[in-house]
Amino acid sequence: MTLAIVLAAGPAASLTTDAGERLADRLAGQWRRAGADDVRVAADLTELAGLLADATGPVLVSGADLVAHGAVLKHLATSPVGPTVALVLTDPPAPGQATVREERGQVVAVDEPAGATGVFGGALRVGPADLPALAAACAAAASGGGPAPAVDRLFAALAACGPLVFAHRVRLLVAHRVATSAELRAAEAAVAEVDEDRAELRLSVKERDDFFTTFFVSTWSPYVTKAAARIGLGPTAVTMISVAFAVAAAVLFGAGGRLALVAGAVLLYLGFVLDCVDGQLARYTRHFSAWGGWLDTMADRAKEYLVYAGLGYGATHAGFRYGWALAIAAMTLQTVRHMTDAWYGVLHDEAARRPRPAAGDGGGIGGKLNAASTKVQADTGSVSYWLKRTVVFPIGERWALIAVTAALFGPLVALCAVLVWGTLAFAYTGALRTLRARWMRVPVLTTVDGGLHRDDGPLARTLPVARQPLALAVIGAFGAAALLVLALRVVHGGGELRGWVVPVGLLVLLGGALGARAAHDGPLDWLVPAALRAGEYLFAIAVGVAGRAPAWLIFGYVFVLTLHHYDLTARLEKRQPAPPLHAATLGWEGRSLLLGIAAIAGIVNIALATLGTYLLVVFVASVVLAWVVLPARAPRTPVPVGGGDRSPG
């Protein structure tokens, strides 16, 4: 049950609208329409604290001085960014109002005017886990007193208690805090000037997106979004239609022929449009869920890699011997890139919560790069801004490149183009992030479950502890890469690998497991999960090549591994627990050990097919348990409004 409380303290409590309604009562009605199950009006912080005593679900709190569109309150109540979210405005702060400094969407400082990026909007949503902190903040704010409005004192005290608070900005809609009747009338006039539904439709489009998406998709996708809402399609249904389009495109790319390639390119483009529409529809209808966010992430990656499979088959069918090899390389490269993206995001989020470097500390080249990047990102619409957004090769640009090159030149050129641009983007982002990470000096993996997201199994958890986990993981990855190169050379020449080569490569790879229980507190240890992924994939590919397994079988095995790893990544980004059957996946080192034994025994094909099928069954069973069985059995306790952010990645 969601509880909303209007704190009717201060001069604004007596303000009335032109219709004679108290502003506090109007806010109470807006909270009800925003989805609150129980709405109360509290005269002071002491009464508010008493109302919190029985609260078990999310709590919405606002002062009585807020004049806003109802959609503003609904968006705050349903915001998917986190359990605890504060409304942040760009208005000049009135006396006593709390200023806010935010980074990466997080409120990192309150009442520090020198570095402020906004002002507290007088409303917030507090998740169930942070209710004890809200109760403590009530007590602190009530005892402290002072000239600041009660809701601002409460917010400042809550931030001081330590919970992670996200910022919800008002865009296109109107929200103002008022203290006099004249300010109330002006704010109401500003609200009346804006078409709320039209603004909400525009708000369904991400504020900052990539070049191709911004100019070739979002210019018309909102019309599709509104049509889907009118006929009752939900975000999940749109996601499934998008998957169907991508699968059809993959089949056409595999079939070959100019007409099929052009048709596949068109379907791929339309599938990407729908991939954007599902997120826009979720934002427009405010239908967010943890399941929806997870499904969107998994569907995006599965669609892309199925298209790679179609291109690989098409290139091979057209007479190129290594079509499947290019598809495997593209999938491996993109997955490792995504792992670095996810962990760099964790690093950046953690760095945002840490104190800033001392004044005058430029942080060397890393600090200068950070300042330059911030300046470019702020200059939206400039050439440098769009170049920076495009050079990193985001999903829109990848799908556009595949569609154009496949239609004009065929599957082989499409795969080569993806590999070349992807490699350059990886080198560019990797170099810059490495320099910036050294400047941040954040022990990122101490703030999350490192063992889970490393994907360690029983072997890694029992081996002795060694220092330098990144060095061990990188050595293991390079060892697997060397084994792959040697296997390719030997097999291409018609020979056989010597019996000792695979065991040595396996031992080098497994050396990365020695760092599993070591502290991941180095400035570059955010790269450990990606290095472990690269090592496992390269070793599996090398074993498959050495055992002369069909290329499509190697692709299928690595594809199943990527599903498992993206499941972990989606859960990391959505702050969710481990998959129910995670222990049954054996860990990266356990799977690699089984493949190494199979290579020594000469049963690589059987091992890849059997282990791949087993992992796929475990993955599907884990999905069913996590999203169907366990929620059905769980007690019906209140949960926070919102959940996953269904946005294209």
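A residue counts as buried when its relative accessible area is under 20%, as exposed when it is over 50%, and as partly exposed in between, using a 1.4 Å probe and protein chains only. By that definition Lys 303 is buried, because its relative accessible area is 2%. This is a predicted model, in which local features need pLDDT of at least 70 and side-chain atom pairs count only at pLDDT 80 or more, while totals for chains, interfaces and linings use all residues. Residues are numbered from 1 along each chain as its sequence is written, and side-chain values use heavy atoms, with hydrogens and water left out.

**Lys 303 and its helix**

- Lys 303 is found in helix H12, where helices (H or I, at least four residues) and strands (E, at least two) are DSSP runs numbered from the N terminus.
- The side chain of Lys 303 makes a polar contact with the side chain of Ser 242 at 2.6 Å; such a contact is a pair of N or O atoms within 3.5 Å, and within protein one must be able to donate a hydrogen and the other to accept it, while residues adjacent in sequence count only if both atoms are side-chain atoms.
- Leaving aside neighbours within four places in sequence, the residues in contact (heavy atoms within 4.5 Å) with Lys 303 include Val 243, Asp 275 and Trp 399.

**Helix H12 against helix H23**

- Helix H12 (residues 290–317) packs with helix H23 (residues 551–573) at an angle of about 160 degrees, and their axes are 10 Å apart; these axes are lines fitted to C-alpha atoms over the stretch in contact, and angles run from 0 to 180 degrees between N-to-C directions.
- H12 and H23 are therefore roughly antiparallel to each other, since angles over 145 degrees count as roughly antiparallel, under 35 as roughly parallel, 65 to 115 as roughly perpendicular and the rest as oblique.
- Among the residues that meet here are Trp 294 and Tyr 305 in H12, and Phe 555 and Tyr 566 in H23.

**Two buried loop residues**

- His 69 lies in the loop between strand E4 (66–68) and helix H3 (70–77), and it counts as buried because its relative accessibility is 3%.
- The side chain of His 69 reaches the backbone nitrogen of Val 174 at 3.1 Å.
- Val 217, in the loop between helix H8 (211–216) and helix H9 (221–231), is buried with a relative accessible area of 0%.
- Val 217 and Leu 274 are 57 residues apart in sequence and 9.4 Å apart in space, C-alpha to C-alpha.
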